[in-house]
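The paragraphs below walk through the pockets and the disulfide bonding of the structure shown here.

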Amino acid sequence: MNFALILLILLLVSGAVWAADAFFFRKRRAVDASEPWWVEYGASFFPVILVVFVLRSFIVEPFKIPSGSMIPTLLVGDFILVNKYTYGIRLPVANLKIIDINSPQRGDVMVFRYPEDPSLDYIKRVVGLPGDKVAYQNKRLTINGLPVAVEQVEDYLHPERLYYSEQFVEQLGEEGHRMLNDRDAPAYIPHPAQFPNRENCSYNSAGVICTVPAGEYFVMGDNRDNSRDSRFWGFVPEANIVGKAFFIWLNFSDFKRIGSFG
């Protein structure tokens with residue numbers, strides 16, 4: 001279900017009821033007459049729906065993490081907030097940018113509409129910007145010929161599955177972030193899709209090398225061997241961007257995660 005579309009419809013309906021009562025029906029009711037039920041409910045909900053619509057469409061939107069592709073930064077069950085204006089102001093539902101502010105940067109955790117099914121929202125880390133040459137070979141990342149700095153730290157224990165992954169601190173942006181590799185997982189990319197601009201990518205036994213097209217981005221999950229991302233289904237068009245994730249506001253399984261990010 002497209003919640004943004006449902007919210008817009010509710011806003012238009014309740015707003016129409018409020019306007020009809022304010023400018024027409026109220027003037028024709030007796031002073032001591034009670035409001036009809038459709039006015040009482042429709043008009044009273046309008047301010048609430050308006051506030052929710054503006055906040056969710058232009059300022060901040062909540063999301064729940066459904067999968068482990070961003071472990072250890074984000075865990076299954078994390079409720080996060082996404083800044084809707086940091087990459088520009090967009091029209092609700094249509095997602096058409098009307099005011100350009102900033103562009104995604106390497107290292108940002110970005111929410112976007114999944115290119116293969118825009119009804120789904122995905123979250124990954126921005127790795128390659130337009131024009132970048134991104135190489136992921138033998139589980140090591142290189143951008144424009146320069147290896148991305150990594151420092152191996154203690155192995156990460158997956159508590160729900162009781163196994164360990166190699167853990168690294170990777171320096172993509174100004175701040176480092178943790179990412180995982182599984183020792184036994186192969187380096188090659190199995191069954192990549194036939195995505196737009198696939199000719200910009202070459203696959204080999206060691207992984208993939210891509211040149212990011214103009215107006216698009218290359219994204220990856222921090223749980224590298226357990227993430228379907230740009231390596232498999234291609235690039236994220238600028239038109240698909242939803243916003244930048246920045247805050248964990250709830251996790252019912254671990255309240256200590258509230259306020260953290262990674």
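Which strand gives the most to the lining of the second largest pocket? In this predicted model, the answer is S17, with three residues. The strand spans 241-250, and strand S12 (177-181) likewise supplies at least two residues of that lining. The space in the second largest pocket comes to about 420 Å³. Lining it are 17 residues, and those closest to its centre are Gly 107, Asp 108, Arg 125, Glu 175 and Gly 176. By class, the lining of this second largest pocket divides into seven charged, six polar and four nonpolar residues.

The largest pocket has a volume of about 570 Å³. Its lining is made up of 21 residues, of which Asn 2, Ala 4, Arg 56, Glu 61 and Asp 121 are the closest to the centre. At least two lining residues come from each of helix H1 (3-28), helix H2 (37-59) and strand S1 (60-64). Strand S1 gives the most, with three residues. Sorted by class, the lining of the largest pocket holds 11 nonpolar, six charged and four polar residues.

The remaining feature is a covalent link. A search of the whole structure turns up one disulfide, which joins Cys 201 to Cys 210 with an S to S distance of 2.0 Å. Both cysteines, Cys 201 and Cys 210, are buried. What is the handedness of the disulfide? The torsion about the S-S bond of Cys 201 and Cys 210 is about 115°, so the disulfide is right-handed.

Key. Residues numbered from 1 in each chain as written. Predicted model: local features only at pLDDT ≥ 70, side-chain atom pairs only at ≥ 80, totals over all residues. Heavy atoms only, no water. Disulfide = S-S within 2.5 Å. Buried < 20%, exposed > 50% of the residue type's maximum accessible area, 1.4 Å probe, protein only. 1 Å grid on protein atoms, 1.4 Å probe; cavity = no way out; pocket = protein on both sides within 12 Å on 5 of 7 lines; lining within 4 Å. Points joined across faces, edges and corners; volume = space filled by probe spheres on them. Helix = DSSP H or I, 4+ residues; strand = E, 2+ residues; numbered from the N terminus. Nonpolar A, V, L, I, M, F, W, Y, C, P; charged D, E, K, R; others polar.
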